[in-house]
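Keep the structure open beside you as you read.

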Amino acid sequence: MMGALMMTSCNNGTPKTEEVAKDTAQVADPELVAAQNHKLELNPNRGVMANPLDLNKFIQIAIIVEDIEAAAREWSQLLNVPMPEIKVHQTVDTTDPNLMYYGKNYKYGLKLASIMAPQGFIIELHQILDDNPSTYNEFIKEHGYGVHHLGFAVGDRRDAVVNELVERGYPKRVEHIYPSGSWTIIDSEQSLGVNLNIKPAM
């Protein structure tokens, strides 16, 4: 049975997690466990990509943190930029049918803050709000907190780039397609030390 993620306010006005009830059917899904524990097997015939990632379109570093308020405040002070808005994406009760994790739809809650550089580059902070299956919890279990993915904007080559990475042996970990664009997390931790986020644009 799915329980709701209850949100309340802290003394400083920020939401906190009061109660988390996990969907045990999600957690126990054997197909998900197998996908999370896969061994990367890259195509031995791979060479230079026909649709390479463009360093001029390297747009994002996404970092999973334990306390997003503290991390955002420290980053803003280090960079001498305004404190970013912290948004709460609550998907426990309202599943997005277009957000897939290893090909299946799962629910989770997340806090997100984006620090925008003048050049259009983003330092993106993520704090997961529950133990439900997600790429973020998978990363924390394996590595702890840290850099989850690097983002590249590839324009209308999005499908060609994603398909070629899959052909090379990299699984699609997350795919989210929405009216104004998409983001696709390519599972490349085992070979690159970090995942890739392939986007049509910023």
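Predicted model: local features only at pLDDT ≥ 70, side-chain atom pairs only at ≥ 80, totals over all residues.

Residues are numbered from 1 along each chain as its sequence is written, and side-chain values use heavy atoms, with hydrogens and water left out.

**Overall make-up**

- The protein has six helices and 11 strands; helices (H or I, at least four residues) and strands (E, at least two) are DSSP runs, numbered from the N terminus.
- Of its 202 residues, 44% count as buried; buried means under 20% relative accessible area, exposed over 50%, and partly exposed in between, with a 1.4 Å probe and protein chains only.
- The accessible surface comes to about 10900 Å², and 53% of that belongs to carbon and sulfur atoms; these areas come from the Shrake-Rupley method with a 1.4 Å probe, and for residues only the protein chains shown count as cover.
- Among contacts (heavy atoms within 4.5 Å) between residues at least 6 apart in sequence, 62% join residues at least 24 apart.

**The sheet**

- Nine strands make up an open, mixed sheet, in the order β4-β6-β7-β3-β8-β11-β10-β9-β5; two strands pair if DSSP finds at least two bridges between them.
- At the edges sit β4 (86-90) and β5 (99-101), each of which pairs on one side only.
- On average, neighbouring strands of this sheet are turned by 20 degrees against each other, direction ignored; axes are lines fitted to C-alpha atoms, for helices over the stretch in contact, and angles run from 0 to 180 degrees between N-to-C directions.
- Strands β8 (residues 146-153) and β11 (residues 195-199) run parallel and are joined by five bridges; G151 has N197 in β11 as its bridge partner.
- β4 and β6 run antiparallel, with five bridges between them, and H89 has L110 in β6 as its bridge partner.
- β6 also pairs with β7 in the antiparallel sense, over seven bridges, and here K111 stands opposite Q127 in β7.
- The hairpin of β6 and β7 has five residues between the strands, and G120 takes a positive phi there, near 95 degrees.
- Six of the eight residues of β6 are buried, so this strand is largely enclosed by the rest of the structure.

- T135, Y136, N137, E138, F139 and I140 are buried in α4.
- After α4 comes G144, with a positive phi near 85 degrees.
- S182 lies in strand β10 and counts as buried, at 5% relative accessibility.
- Leaving aside neighbours within four places in sequence, S182 is in contact with R158, H176, I177, I198, K199 and P200.

**Nonpolar cores**

- In soluble globular proteins, nonpolar side chains tend to be buried together.
- A nonpolar core is a set of buried Ala, Val, Leu, Ile, Met, Phe, Trp, Tyr and Cys residues joined through side-chain atoms within 4.5 Å.
- The largest core has 16 residues, of which Y101, Y108, I128, Y136, V174 and W183 touch the most other members.
- α2 (30-36), β5, α4 and β10 each supply at least two residues of this core, and the largest share, three residues, comes from α4.
- Beyond its neighbours within four places in sequence, Y101 is in contact with residues including L32, Y106, E138 and V174.
- A second, separate core of 11 residues includes L40, V161, Y170 and I198.

**Aromatic rings**

- The structure holds five aromatic pairs; rings of Phe, Tyr and Trp (its six-membered ring) pair if their centres lie within 6.5 Å, and planes under 30 degrees apart count as stacked, over 60 as edge-to-face and the rest as tilted.
- F58 and F121 have ring centres 5.4 Å apart and planes at 75 degrees, so the pair is edge-to-face.
- F58 lies in strand β3 and F121 in the loop between β6 and β7, so this pair ties together parts that are 63 residues apart in sequence.
- F58 is partly exposed, with a relative accessible area of 28%, and F121 is partly exposed, at 21%.
- F58, F121 and F152 form one aromatic cluster.
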